[in-house]
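Hi everyone, thanks for making time. Have a look at the structure first.

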Amino acid sequence: MTAGQAPSANLRIDSDRLWDSLMEMAKIGPGVAGGNNRQALTDEDAEGRALFARWCEEAGAEMGVDEMGNMFARREGEDARALPVYVGSHLDTQPTGGKYDGVLGVLGGLEILRSLNDLEIRTRHPIVVVNFTNEEGTRFPPAMLSSGVFAGTIERDWAYERRDAAGKSFGEELERIGYKGEETVGARKMHAFFELHIEQGPILEDEGAPIGVVTHGQGLSWTQVTVRGTEAHTGSTPMPMRRNAGLGMARILDLVDEIAWGHQPNAVGAAGHIEVRPNSRNVIPGEAVFTVDFRSPDVDILRDMERQLREGAARICERMGLEVTLEHVGGFDPVTFDPACVAAIRSAAERLGHAQRDLVSGAGHDACWISKVAPTAMIMCPCKGGLSHNEAEEITPEWAGAGVEVLFHAVLETAGIAAEVDA
């Protein structure tokens, strides 16, 4: 078979080995309710990274680590001049995260290396499995931090100064766990990048399709809003004399909901991160800080929602005698994934006999940033009830296996098989 041709449908991965690896990784940083708490740059993250590195070494891959702690396990190709095909996702989790979000994409990439070894297949392009640091962004906001630096949209030194709730910086913690590599972040060039991820929504399960072919990613906008009033006693301050930052926040949050409903059918909006200060039961809040999350597949709608938030928050706070500041703290424009990579996924699903449907990703992923520097596409598999970012997140071994087999075939087609294989 020459490079660029579709692989034979009888080339399969070891689904049992894949599942065993997922369950073994899930033992690191166990949650309190069956999921995982393996946040970025914690000791648990370091332990998960060490296990992944050991598995990659056993598969004959060479490990590289860049300045942001991104891990790259490389299997050489036959053509030394050919750019690698990259595949992967992230190993870090939410504080109450599931066992599959991100992890399936990384260990699915590892299974590709193992299966290539089993089948004695040599590819023309090298294949690299990547674990991106701090995709979740729960400990060090924003999300997709390291892939953003890799893509050149986030400054490395700015990323190093991101701090967690305890005041520890990203750069300090990266060095503490031993994963501040010397390789210049973003120096690597990619032939293509594929990311497998659980859907984090209900569509695939509802429609009985084990494969989602992701054609686009929603645009995302994060705005941190700070409302300032005056701390005062809740019992002795007359109502007309109050400058209640908490009430101002509540009215802005109601506006956020109104803005999202006004841009249907596909726009969404809410605030997930909220802090009220001093957060004492008998003190009127003097400050409220919260982050508004707007998403839409239409960039013009995204910009209009941002405008309405700015103008509406200013009106609300002026009427209430409050001060308000808004800072754009993250986001990206809607993404259109590479047609050739998407076609490779679609043909792989057809060749393997898996039902598929097109999807627009509602969540942000590392692939959204990497699409700025390389041809990129995503595959999704179902998750039960569409539940994710929850310890009850669940998938089946069959869904995992189907997703990784489609990934395997899409990567093989893109990397090119350099030698015939008896199968």
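Let's begin with Leu41, which counts as buried because its relative accessibility is 0%, and the cut-off for buried is under 20%. Please keep in mind that this is a predicted model. Leu41 sits in the loop between helix H1 (15-26) and helix H2 (43-58).

You'll find Met144 in the loop between strand S4 (127-131) and helix H4 (145-150). Is Met144 buried or exposed? With a relative accessible area of 4%, Met144 is buried.

Now for the peptide bonds. Which residues does a cis peptide bond with omega of about 20° join? Those are Gln264 and Pro265, and Pro265 belongs to the loop between helix H8 (245-261) and strand S9 (268-277). A cis bond also links Arg277 to Pro278, with omega of about 10°. Pro278 is in the loop between S9 and strand S10 (283-284).

On to the helix I promised, H10, covering residues 339-352. H10 has 14 residues, and from its first C-alpha to its last it reaches 20 Å, close to the 20 Å expected at 1.5 Å a residue.

Which residues of H10 are buried? They are Cys341, Val342, Ala344, Ile345, Ala348, Ala349 and Leu352. If you look down the axis of H10, these buried residues fall within an arc of 155°, so they line one face of the helix. As a reminder, an α-helix has 3.6 residues a turn, so residues three or four places apart point the same way. On the other side of H10, Pro339, Ala340 and Glu350 are exposed.

Finally, the two ends. At the start of H10, Asp338 has a side-chain oxygen that reaches to within 3.2 Å of the backbone nitrogen of Ala340. Just after H10 comes Gly353, with a positive phi of about 80°.

Terms used:
Residues are numbered from 1 along each chain as its sequence is written. This is a predicted model: local features need pLDDT of at least 70, side-chain atom pairs count only at pLDDT 80 or more; totals for chains, interfaces and linings use all residues. Side-chain values use heavy atoms; hydrogens and water are left out. Helices (H or I, at least four residues) and strands (E, at least two) are DSSP runs, numbered from the N terminus. The expected span of a helix is 1.5 Å times one less than its number of residues. Buried means under 20% relative accessible area, exposed over 50%, partly exposed in between (1.4 Å probe, protein chains only). The arc is that of the directions from the helix axis to the C-beta atoms. A polar contact is a pair of N or O atoms within 3.5 Å; within protein, one must be able to donate a hydrogen and the other to accept it, and residues adjacent in sequence count only if both atoms are side-chain atoms.
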